[in-house]
Amino acid sequence: ASACSLGILSLSKDPCVRVQRSYSVVARGHFTGNAMREYLLEKQIMSEHKFERLETARLILRRFEDLDLESFHGYRSDPEIEKYQGWGEFTREDAQRFIDAQQNGNSGDPGDRSQIAIESKATGAMIGDLYLHVLADEPRQAEIGYSIAREYQGNGYATEAVSALLD
């Protein structure tokens, strides 16, 4: 299964990325203070106030849009995805509230939690999302997680999306 999990990230100029079990990605480094946020700004992953857009060969990482509702609710309410996440029942209304909140958030400040939509360039479909939480008490570290819709799992999309954040 390639659903997802959470790992602790600490980024460096030369991240050493390894897979821990089959669900989390960990990178180790030597940032101090607000260096995680500065790294995200430098790489133009975040603007001064919000997450912007990243592209890979096959994916677009972007802010959530209203059109994501059906796809997002579809995989977030899939029991095979949920069992790796633990968020419980996820209604259409929950999905809409979540999307609304994400459209107004994503500052990248220590303590903030952000979700980033993953879109397939080939189909234009939203196929999953990334979670990024820069730790408030240790801003040189972040938690990262991902969820990929079942029909898109096993194609390396999560690895590609996480790698885009780390490059």
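Tutor: A residue is called buried when its relative accessible area is under 20%. Please keep that cut-off in mind as we read this predicted model.

Student: What share of the residues in the protein chain is buried?

Tutor: Of the 167 residues in the protein chain, 48% are buried. The chain has five helices and eight strands, and from the N terminus on their order is β-β-β-α-β-β-α-α-α-β-β-β-α.

Student: How should I read the side chains of a strand, taking β8 as the case, and which residues point one way and which the other?

Tutor: In a regular strand, side chains alternate between the two faces of the sheet. In β8, Ala-142, Ile-144, Tyr-146 and Ile-148 point one way, while Glu-143, Gly-145 and Ser-147 point the other way. All of these residues are buried, and β8 is accordingly described as mostly covered, with seven of its seven residues buried.

Student: Which way do β7 and β8 run, and how many bridges join them?

Tutor: The two strands run antiparallel and are joined by seven bridges.

Student: Which residues of α2 are buried, and against which elements do they pack?

Tutor: Helix α2 covers residues 69-76, and its buried residues are Leu-69, Phe-72, His-73, Tyr-75 and Arg-76. They pack against the helices α3 (79-85) and α4 (92-103) and against the strands β6, β7 (126-134) and β8 (142-148).

Student: With which side chain does the side chain of Glu-119 make a polar contact, and which residues does Glu-119 touch?

Tutor: The polar contact is with the side chain of Arg-62, at 2.6 Å. Leaving aside residues up to four places away in sequence, Glu-119 touches Arg-58, Leu-59, Ile-60, Arg-62, Gly-124, Ala-125 and Met-126.

Student: What percentage of the contacts with a separation of 6 or more joins residues 24 or more positions apart?

Tutor: In the protein chain, that percentage is 57%.

Definitions and conventions. Residues are numbered from 1 along each chain as its sequence is written. This is a predicted model: local features need pLDDT of at least 70, side-chain atom pairs count only at pLDDT 80 or more; totals for chains, interfaces and linings use all residues. Side-chain values use heavy atoms; hydrogens and water are left out. A polar contact is a pair of N or O atoms within 3.5 Å; within protein, one must be able to donate a hydrogen and the other to accept it, and residues adjacent in sequence count only if both atoms are side-chain atoms. Contact means heavy atoms within 4.5 Å. Buried means under 20% relative accessible area, exposed over 50%, partly exposed in between (1.4 Å probe, protein chains only). Helices (H or I, at least four residues) and strands (E, at least two) are DSSP runs, numbered from the N terminus. Two strands pair if DSSP finds at least two bridges between them.
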